[in-house]
Amino acid sequence: MTTHLQPTGSAYFIAKETEKPESHTLSVLVDNEPGVLARVIGLFSGRGYNIDSLTVSETEHERHLSRITIVTRGTPHVLEQIKHQLERIVPVHRVVDLSVVARERGQERPLERELALVKVTGVGDNRVEALRLADAFRASVIDANTEHFIFEITGRVSKIEQFIAIMKPLGLVEVCRTGVAAMNRGPEGM
């Protein structure tokens, strides 16, 4: 008797078994108008794609254009589908897979940075250690009193993750992250 896997409702199910999921950073240039972000997010949720990070801001004020940076995971086939489906949304001007462009240029990844605010409470040795580690990570103290610190840290996602993990045993209370901002190296624009 052969057991067949049933589709999960996710587009990941249709991927070829030989393809491995990869993390990709997509940059999407859209009209800055109501409902555009909802349509982009709807495309992902409606097809079962996951968004690991999402950052949006108006970047060209005169033309009223916003840049959406999306970090998502999938097989090469699924990622290509996502890109094509994004290109078909009417207010989308351009979709660039920054991860593919970086690889074509012989680079491992595009330039990616994230900002995080990290609140840590503590007294005594934990307080001193939190300050020492923050200095080692080049995190800035942006608020402090005798009971807590709020650190601001900017860097690659892995650096942010490592800083958060180190602060947990020292009194980590709260974390707020911006999501990834990314672009490719070189003189060309998106």
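Here are some friendly notes on the predicted model shown above.

1. Since you are looking at a predicted model, start with the confidence score. The average pLDDT of the protein is 88, and 91% of the residues score at least 70.

2. **The overall layout.** Five helices and nine strands make up the secondary structure of the protein. For a sense of scale, the C-alpha trace spans about 60 × 60 × 35 Å along its principal axes.

3. **A pair of helices.** Helix α4 covers residues 124–136, and its axis comes within 11 Å of the axis of α5, with a crossing angle of roughly 170°. Angles over 145 degrees count as roughly antiparallel, so α4 is roughly antiparallel to α5.

4. **What sits between those helices.** Which residues make the contact? On the α4 side they are A130, L133 and A134, while α5 brings F163, I166 and M167. By class, this contact has six nonpolar residues, with no polar and no charged ones.

5. **The largest pocket.** About 280 Å³ of space lies in this pocket. It is lined by 18 residues, and R109, E112, R156, V157 and S158 are the closest to its centre. Strands β1 (22–31), β2 (51–60) and β5 (111–121), along with helix α5 (157–167), each supply at least two lining residues. Which element gives the largest share of this lining? That is β5, with four residues. Sorted by class, the lining has nine charged, five nonpolar and four polar residues. Notice that α5 turns up here as well as in the contact with α4.

6. **The second largest pocket.** Its volume is about 200 Å³. Of the 13 residues lining this pocket, those closest to the centre are L98, N184, E188, G189 and M190. Strand β4 (92–97) and helix α3 (98–104) each supply at least two residues of the lining. How many residues of each class are there in this lining? There are five nonpolar, three polar and five charged residues.

Note on methods:
Residues are numbered from 1 along each chain as its sequence is written. This is a predicted model: local features need pLDDT of at least 70, side-chain atom pairs count only at pLDDT 80 or more; totals for chains, interfaces and linings use all residues. Side-chain values use heavy atoms; hydrogens and water are left out. On a 1 Å grid over the protein atoms alone, a cavity is a set of points where a 1.4 Å probe fits but cannot get out, and a pocket is an open set with protein on both sides within 12 Å along at least five of seven lines; lining residues have an atom within 4 Å of a point. Grid points are joined across faces, edges and corners, and a volume is the space filled by probe spheres set on the points. Ala, Val, Leu, Ile, Met, Phe, Trp, Tyr, Cys and Pro count as nonpolar, Asp, Glu, Lys and Arg as charged, and the others, Gly among them, as polar. Axes are lines fitted to C-alpha atoms, for helices over the stretch in contact, and angles run from 0 to 180 degrees between N-to-C directions. Angles under 35 degrees count as roughly parallel, over 145 as roughly antiparallel, 65 to 115 as roughly perpendicular and the rest as oblique. Contact means heavy atoms within 4.5 Å. pLDDT is the predictor's confidence in each residue, from 0 to 100.
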